[in-house]
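Colleague: I'm new to this one. Could you walk me through how you put labels on it?

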Amino acid sequence: MAHIPSPGGSPPADEAATVRLDLWLWAARFFKTRGLARQAIENGKIEVGEQRPKPSRSVRVGDALRVARGEELFDVRVLGLSDTRGPATVARTLYEESEASRAAREQARALRAAAHAGYRAPEGKPDKRARRLIRALGDIDAT
């Protein structure tokens, strides 16, 4: 039996309880575009219930997701569904991140910041003498 859309445009109750995974990740602002969300899913950066999903998989309220984005890893539980991208304040209400995940992300961020704290970028391009020294240092491993 074919579904006839209602005048209001809202889907039937059984379809309203789910949203495509790539669409939800985009609406929850984990990725800037839906294409990037789809690509992350296809590359195994997203897990739903400890399984690798397809981009078209339906997400329901209560699903547990693991999202790897760059160097960050999010363990979240779906609290709400949306297929439209809204403000960040609304997007944060769509999921709840576990405290362990949040603490691990903050600790990893602090470690990365500490690693970069001692680094000072050069003020300009190296001169001819400095380039020769750099080249000579690079040749040490070749012998």
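Colleague: Why is Lys-128 called exposed?

Modeller: Its relative accessibility is 53%, and exposed means over 50% relative accessible area, buried under 20% and partly exposed in between (1.4 Å probe, protein chains only). So Lys-128 counts as exposed. Bear in mind that this is a predicted model, where local features need pLDDT of at least 70, side-chain atom pairs count only at pLDDT 80 or more, and totals for chains, interfaces and linings use all residues. Residues are numbered from 1 along each chain as its sequence is written, and side-chain values use heavy atoms, leaving out hydrogens and water.

Colleague: What makes Trp-24 buried or exposed?

Modeller: Trp-24 has 0% relative accessibility, so it counts as buried. Phe-30, with a relative accessible area of 4%, is buried as well.

Colleague: Why are the rings of Phe-30 and Phe-74 called edge-to-face?

Modeller: Rings of Phe, Tyr and Trp (its six-membered ring) pair if their centres lie within 6.5 Å; planes under 30 degrees apart are stacked, over 60 edge-to-face, and the rest tilted. For Phe-30 and Phe-74 the centres are 5.3 Å apart and the planes at 75°, so the pair is edge-to-face.

Colleague: And how many aromatic pairs does that rule give?

Modeller: Four aromatic pairs. Another of them is Trp-24 with Phe-30: centres 6.2 Å apart, planes at 35°, so that pair is tilted. Ring pairs link Trp-24, Phe-30, Phe-74 and Tyr-95 into a cluster.

Colleague: How do you know whether Phe-74 is buried or exposed?

Modeller: At 5% relative accessibility, Phe-74 counts as buried.
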